[in-house]
Amino acid sequence: MFPVIKGAAYILAHTPDMVLHNGTTQTTERTVNPDSEYLKQVPNNLRSFEQFVSYPPNQTFIGNLSPSELGELDLPWYDKQAEGASSDGKYGEIFQQDEFIGWIKLADVFNLVSLEKDFTESIRQSIESREGLSESFRTALGEGVSLEKIEKEIAEKGAEALIHDGKTVGCVKRAHDIDPNLNAHVIFENLVSKASGAMALISLLEKHQIDPLDIDYVLECSEEACGDMNQRGGGNFAKAIAEVAGCKNATGSDTRSFCAAPTHALINASALAQSGIYPNVVIVGGGSTAKLGMNGKDHIKKGLPILEDGVAGFAALISQNDGVHPILRTDLVGKHMVGTGSSPQAVITSLITAPLDRGNLKITDIDKYSVEMQNPDVTKPAGAGDVPLANYKMIAALGVMRKEMERTDIADFTKKHGMVGWAPTQGHIPSGVPYLGFAMQDIMEGKIHRAMIVGKGSLFLGRLTNLFDGVSIVIETNPGQVEEEATVSKDEVRQMVAEAMRSFAASLTE
Amino acid sequence: MSLFDDKKIIIIGDRDGIPAPAIEECLKGTSAEIVFSSTECFV
């Protein structure tokens, strides 16, 4: 029996101060050009929390505005507001920066994060009232320390400052005096990833009323590495995140493949659930501060606010077939192989048509393709184009080559089988998985029958191979086979009992 | 004689567009010299 997807959740944390202090575009600029005009302009081009919440793509990310509704809005979107916008979404929520800093403190179990006393009090209520937080983490904020102590750590011991509203409110200390893998910067980035992953997992459990004790395994799929100088990428983010959410019966592991990792995790989770090794598997990925303001220079140059001003996270639950939720077709999985080659035709064949051929399906038999769902409002002004649209055009072109559609149908195909992008440019976060929540809804409401999740990753960025990577999997309506089989099985039992009684009765009359 | 014959070529490919190795392949029939070739991720 194919496994099912039972829920998906998405979180955003609005982090304007981290754009300036932790985004690599800005930190690099500070290193090479400390008096840069751009750095001076950044603080005046950041959005307020209200603007961040009402930004239409962000409302789509947390489930309040459907992809088709977003698609009806003409670009650009940065000057538009979603009607009735809320920080609480059908599939997730949006956090303010001060609360997110509190979550970074919660994620720290080695007393490496210090928060100032008054700041701690200002966020205590919102953090400690959180139902989904494991009891042992609920009181992890502590009392806080003096600002003097924090400033001393930053000035004398290389601690990384935590800044809110332009003021230092805490710091992340180094975990070792010499080890570069445990310096304050690495610890900070890893805690950001752990915290945002935990927030997404807790949101998933709360929104879908899932008992954390039911989770057997967690697969984490971000792009960070944690370890020390002897094992730089030792891991394990997954188990650390599961601990925060009180998933006491779970273990887990991390899977990596740059932006393709979430789809790898989805496929791996499906295999684990389907085989029965781990019946309930969560996939989770936290976000990254390094990518904040990545295209900020272009945004400011073109008169836009900085649109990469939030850290994102996502989580989804894959379970054994319940006869209700959409099934993951583990027999219709695509993979870009070492020998596939890099021409667009080869890539699209390996990811899209190879799995479809196995199911005797045409390109047009997939109702919605979820590819790299990067928000074009962010990428187009930076010259990176409309990434989802480019992917849809390539899929359509292959459809024309296979004579499954006419060349003149390409534009219609991109609208009918594609979607506008809405995900923040947080690397792995936009890759295939942003549609999981809406895919579940659209399939269960009968709006669509079948979707394909496609993830691609730029392995060459790690300088180990020139290859890139990609995997895909089909999700479709659950035919309800579990119930049907159970009914058939009960009927069969009844029939057998009836036959046995008839033959017993016959033997008595003989 | 192709547009690229005897030229020195720098290739910047796009992971979500045309990757560099595919562009290199197209230039094999010319006498162009590829001096740099790299695929980049623009997101």
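Trainee: How many helices and strands does chain A have?
Mentor: Chain A has 20 helices and 13 strands. Keep in mind that this is a predicted model.

Trainee: What radius of gyration does chain A have, and what would a compact globule give?
Mentor: Chain A comes out at 25 Å. A compact globule of 510 residues would be near 24 Å, so the value agrees. The C-alpha trace spans about 100 × 60 × 50 Å along its principal axes.

Trainee: And what share of the residues counts as buried?
Mentor: 55% of the 510 residues in chain A.

Trainee: Switching to helices. How do α7(A) and α8(A) cross?
Mentor: Helix α7 covers residues 97–107 of chain A, and helix α8 covers 117–128. Their axes come within 9 Å and cross at roughly 75 degrees. The two helices are therefore roughly perpendicular to each other.

Trainee: Which residues meet there?
Mentor: From α7(A), Asp98(A), Glu99(A), Gly102(A) and Leu106(A). From α8(A), Ser122(A), Ile123(A), Ser126(A) and Ile127(A). By class, that contact has three nonpolar, three polar and two charged residues.

Trainee: Now sheets. What is the strand order in the one with β3, β4 and β5 of chain A?
Mentor: The order is β3-β5-β4, in an open sheet with antiparallel pairing. The edge strands are β3 (113–115) and β4 (160–164) of chain A, and each pairs on one side only. On average, neighbouring strands are turned by 30 degrees against each other, direction ignored.

Trainee: How many bridges join β3(A) to β5(A)?
Mentor: Three, and the two strands run antiparallel. Strand β5 of chain A is residues 167–172. One of the bridge pairs is Val113(A) with Val172(A) in β5(A).

Trainee: Which helix lies across those strands?
Mentor: Helix α10, residues 147–157 of chain A, lies across β3, β4 and β5. Its angle to β5(A) is about 60 degrees.

Trainee: Last topic, the partner chain. How many residues of chain A are in contact with chain B?
Mentor: 16 residues of chain A, against eleven of chain B. Helix α17 (residues 387–401) of chain A gives the most to the chain A side, with three residues.

Trainee: What classes are on that side of chain A?
Mentor: Seven nonpolar, seven polar and two charged.

Note on methods:
Residues numbered from 1 in each chain as written. Chains lettered and ligands numbered in written order. Predicted model: local features only at pLDDT ≥ 70, side-chain atom pairs only at ≥ 80, totals over all residues. Helix = DSSP H or I, 4+ residues; strand = E, 2+ residues; numbered from the N terminus. Rg over C-alpha atoms; globule rule 2.2 N^0.38 Å. Buried ≥ 20, exposed ≤ 12 C-beta atoms within 10 Å, placed from the backbone. Axes fitted to C-alpha atoms, helices over the stretch in contact; angles between N-to-C directions. Parallel < 35°, antiparallel > 145°, perpendicular 65-115°, else oblique. Contact = placed C-beta atoms within 7 Å. Nonpolar A, V, L, I, M, F, W, Y, C, P; charged D, E, K, R; others polar. Pairing = 2+ DSSP bridges.
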